[in-house]
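Dear colleague,

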Amino acid sequence: HKALVAVTYTRGRYESGASTPVEIGCTASGASATVTIPDSAQATHKAIYMSMPGGETMRLAAVIPNGQTSATVTATASGSELQTLHKTPPPPHALSAVRNGRALVAVDNFILSSDPFKFDLFDPIRQSIPFHATVTMLAEVSPDALIVGTTAGVYRLAGADMDAVSIIKLSDLGVPLGAYATVDASLFSQGQGLAVVFASAGGFCLVGQDGGVTNLTGDRYRPGPFMAGSSAFSRQPGNHSVVFSLRH
């Protein structure tokens, strides 16, 4: 028979994620193991979870001080269930945002979202949204609308919960990394609330809360292909503008 063992670190009321559990051999009548656990900076305690023989649900078997490096534990059917299995800190990324209590990070073609109000607990498999090209823009324009740009298109994600959003493609215009700014929609269009202005090879464009895309420069100016950019919204009396710096 086999049992599963996982360890988390606690910092006050906060518990870290638990990665892939370790399998140990055991008898059908019980599971016990001596576990060696390194210290973790700023942790106060370590929580050890174990499944019953042949089971998959891991329950709390012991809590030890952070300074204690090993413990012998026995599986129990009455301990609290492990809630942070497969949760890890976010992977390396260049683009992030916070939306409705979740941290969002863009990693290649995916948007990953954290657990609510737990900004370093991510499940890259179960809490991810795939796109067909590299994600380059995350712009929240309302609690129910997130505008996402990729190198090959612009999308509107509708819904407050990242686990249940609907995705609508708005445009085939690509958005290079960093080339966008959130603005007051009423200063650039007839819309209200927030909007996002972004630069693409085909022009400088605006997307409102309803998902409408407007090319503000049209045929008058097209930046052409560029690798990346940065931008800032400047709000001055009588002179509202978005300033871009583009790297070709």
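Which residues line the second largest pocket? They are V7, R11, Y14, S16, G17, A18, S19, K87, P89, D120 and L121, and the elements that give two or more residues to this lining are β1 and β11 (118–122).

Before going on, please keep in mind that this is a predicted model, in which local features need pLDDT of at least 70 and side-chain atom pairs count only at pLDDT 80 or more, while totals for chains, interfaces and linings use all residues. Residues are numbered from 1 along each chain as its sequence is written, and side-chain values use heavy atoms, with hydrogens and water left out.

A pocket here is an open set of points on a 1 Å grid over the protein atoms alone, where a 1.4 Å probe fits and protein lies on both sides within 12 Å along at least five of seven lines, and its lining residues have an atom within 4 Å of a point.

The largest pocket has a volume of about 230 Å³, and of the 16 residues that line it, V5, A6, V7, T20 and V22 are the closest to its centre. Two or more lining residues come from each of β1 (2–11), β3 (22–25) and β4 (32–36), these strands being DSSP runs (E, at least two residues) numbered from the N terminus. The lining of the largest pocket holds 10 nonpolar residues, six polar ones and no charged ones.

On the surface, V98, F117 and F119 form a nonpolar patch with about 360 Å² of accessible area together. F117, in the loop between β10 (110–115) and β11, counts as exposed because its relative accessible area is 67%, and exposed means over 50%.

Most residues other than glycine have a negative phi. Q42, however, in the loop between β4 and β5 (45–51), has a phi near 70°, and D108, in the loop between β9 (102–107) and β10, has a positive phi of about 55°. Q42 is exposed, with a relative accessible area of 71%, and D108 is exposed at 55%.

With best wishes

Conventions:
Grid points are joined across faces, edges and corners, and a volume is the space filled by probe spheres set on the points. Helices (H or I, at least four residues) and strands (E, at least two) are DSSP runs, numbered from the N terminus. Ala, Val, Leu, Ile, Met, Phe, Trp, Tyr, Cys and Pro count as nonpolar, Asp, Glu, Lys and Arg as charged, and the others, Gly among them, as polar. Patches are made of residues with over 30% relative accessible area and no salt bridge: like charges are joined within 9 Å, nonpolar side chains (Val, Leu, Ile, Met, Phe, Trp, Tyr) within 5 Å. Accessible areas come from the Shrake-Rupley method with a 1.4 Å probe; for residues, only the protein chains shown count as cover. A salt bridge is a side-chain nitrogen of Lys or Arg within 4 Å of a carboxyl oxygen of Asp or Glu. Buried means under 20% relative accessible area, exposed over 50%, partly exposed in between (1.4 Å probe, protein chains only).
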